[in-house]
Protein chains: 2
Amino acid sequence: MECKEIKQDEHKKEMMAIQDTMDVLQGKWKIAILTSICFYNKRRFSDILNDVSGISNKMLSKELKELEINQLIKRTILDTHPVTVRYQLTEHGKTLRTIIDNMTDWGFHHRKKIIGK
Amino acid sequence: MECKEIKQDEHKKEMMAIQDTMDVLQGKWKIAILTSICFYNKRRFSDILNDVSGISNKMLSKELKELEINQLIKRTILDTHPVTVRYQLTEHGKTLRTIIDNMTDWGFHHRKKIIGK
DNA sequence: CAGAATCCCCTTGGATACTG
DNA sequence: CAGTATCCAAGGGGATTCTG
């Protein structure tokens, strides 16, 4: 019936939205990297390398590039010796904060429920 | 200073929580699959195959297994001919609803901001 | 319908070494 | 410090076919 089909269409739109989000956030490390930058506000390459346990510099470099292309983070080369680079969230990137916070909360919740016991 | 170190530790905990969440939700399709099941409440294998555009039955099968192991979804074999299988979120899986909704919203937002124009 | 099984390509991503 | 370059292995994942 008409009502059902409209519902179907709405879900399709939502499925597409999810896919759009996933396109940007995909990759083993993207969320973790964003989280690091988000929590500390400004973060340098080597800091992130430390925050995200297990990541290699090659992967970090690659993921940062993609995040920059998607306009979620901003890269600034600082005039120091040796060179340091500062990463920050863009205004658009900051809109991910809600998702990051929710995922953090859920991680705690999940650990309590499943892992921790 | 002490204050700073405490802050550092808190962030480490949060980074760990994010990693825990990502461990469970990782994979190209997991979120999309959960979204499909979540929106429709009950969903059959072939339905999900249709909802998640691009996924193959092999991948769907694999991801569903992992989601079941992580206790996010429940699998029920229905007594029909031919056999159909119903997937639903568990109570624990339903706690992901917030994240799913946020990601849906963000997808719309992102499309408006970046993709659509 | 709901998968399991095969085949096979191509990406992901780790380890290591090197550069400005 | 912030990457780049290279090598290489594991497995992610598509297409197709088969089964109960």
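Guide: Near DNA strand C, at least two residues of the surface are supplied by each of α4 (57-69) of chain A and α3 (45-51), α4 (57-69) and β3 (84-89) of chain B. Here helices (H or I, at least four residues) and strands (E, at least two) are DSSP runs, numbered from the N terminus. The model is predicted: local features need pLDDT of at least 70, side-chain atom pairs count only at pLDDT 80 or more, and totals for chains, interfaces and linings use all residues. Residues are numbered from 1 along each chain as its sequence is written, chains are lettered from A and ligands numbered from 1 in the order in which they are written, and side-chain values use heavy atoms, with hydrogens and water left out.

The largest share of this surface, 4 residues, comes from α4(B). In total, 19 residues surround DNA strand C, and the closest are A:Lys58, B:Ser46, B:Asn57, B:Arg75 and B:Tyr87; a residue is near a strand if one of its heavy atoms lies within 4 Å of it. Of the atoms of DNA strand C that come within 4 Å of the protein, 59% belong to sugar and phosphate.

The side chain of B:Asn57 has an N or O atom 2.9 Å from a base nitrogen of DNA strand C.

Notes. Polar contact = N/O pair within 3.5 Å; in protein donor to acceptor, adjacent residues only side chain to side chain.
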